[in-house]
Amino acid sequence: MLKKTFIFTAISTVLIVGALLYGQVASGGAPEVKKMEITVNNHSFSVLLESNKTAAAFRKLLPFEASMSDLNHNEKYYYLPQDLPVNARQVSQIHAGDIMLFGNNCLVLFYKSFSTPYAYTPIG
């Protein structure tokens with residue numbers, strides 16, 4: 001089974017830019033993280049997070065490192081240590097770079113685009 005390591009971290013400079021760009025302010029007046037960086041084998045990618053309860057709960061888990069398993073040669077998945085809020089919908093089309101939640105604790109990072117009958121909760 002092929003495994004790659006993904007490191008998820010919030011970027012403090014993007015925290016400020018994201019707050020200014022999107023005008024999002026969390027309760028208490030602190031800017032809400034809207035972007036994060038994913039590092040895969042020393043290559044970094046920026047991700048724009050969704051504005052939903054699932055993404056908000058996911059942000060609270062950052063930063064963390066995970067060894068993700070491959071599935072169907074189009075996605076990497078990792079079971080989170082806790083359940084996140086779910087608002088799954090049938091997405092029909094997956095795009096490379098999508099980050100979704102399958103069920104209530106399975107983080108999925110897609111690296112190929114394809115059609116799907118499955119329901120996911122978008123994270124980014």
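Biologist: How many salt bridges does the count come to?

Modeller: First, the ground rules: this is a predicted model, where local features need pLDDT of at least 70 and side-chain atom pairs count only at pLDDT 80 or more, while totals for chains, interfaces and linings use all residues. Residues are numbered from 1 along each chain as its sequence is written, and side-chain values use heavy atoms, leaving out hydrogens and water. With a salt bridge taken as a side-chain nitrogen of Lys or Arg within 4 Å of a carboxyl oxygen of Asp or Glu, the count comes to one.

Biologist: Are Asp70 and Lys76 buried or exposed?

Modeller: Their side chains meet in a salt bridge, 3.3 Å from N to O. Buried means under 20% relative accessible area, exposed over 50%, and partly exposed in between (1.4 Å probe, protein chains only). By that scale, Asp70 and Lys76 are both buried.

Biologist: Which residues have the most contacts inside the largest nonpolar core?

Modeller: Such a core is a set of buried Ala, Val, Leu, Ile, Met, Phe, Trp, Tyr and Cys residues joined through side-chain atoms within 4.5 Å. The largest has 20 residues, and those with the most contacts inside it are Met36, Phe58, Phe64, Ile99 and Ile123.

Biologist: Is the Phe102 and Tyr118 pair stacked or edge-to-face?

Modeller: The structure holds seven aromatic pairs. Rings of Phe, Tyr and Trp (its six-membered ring) pair if their centres lie within 6.5 Å; planes under 30 degrees apart count as stacked, over 60 as edge-to-face, the rest as tilted. Here the centres are 6.2 Å apart and the planes at 85°, so the pair is edge-to-face.
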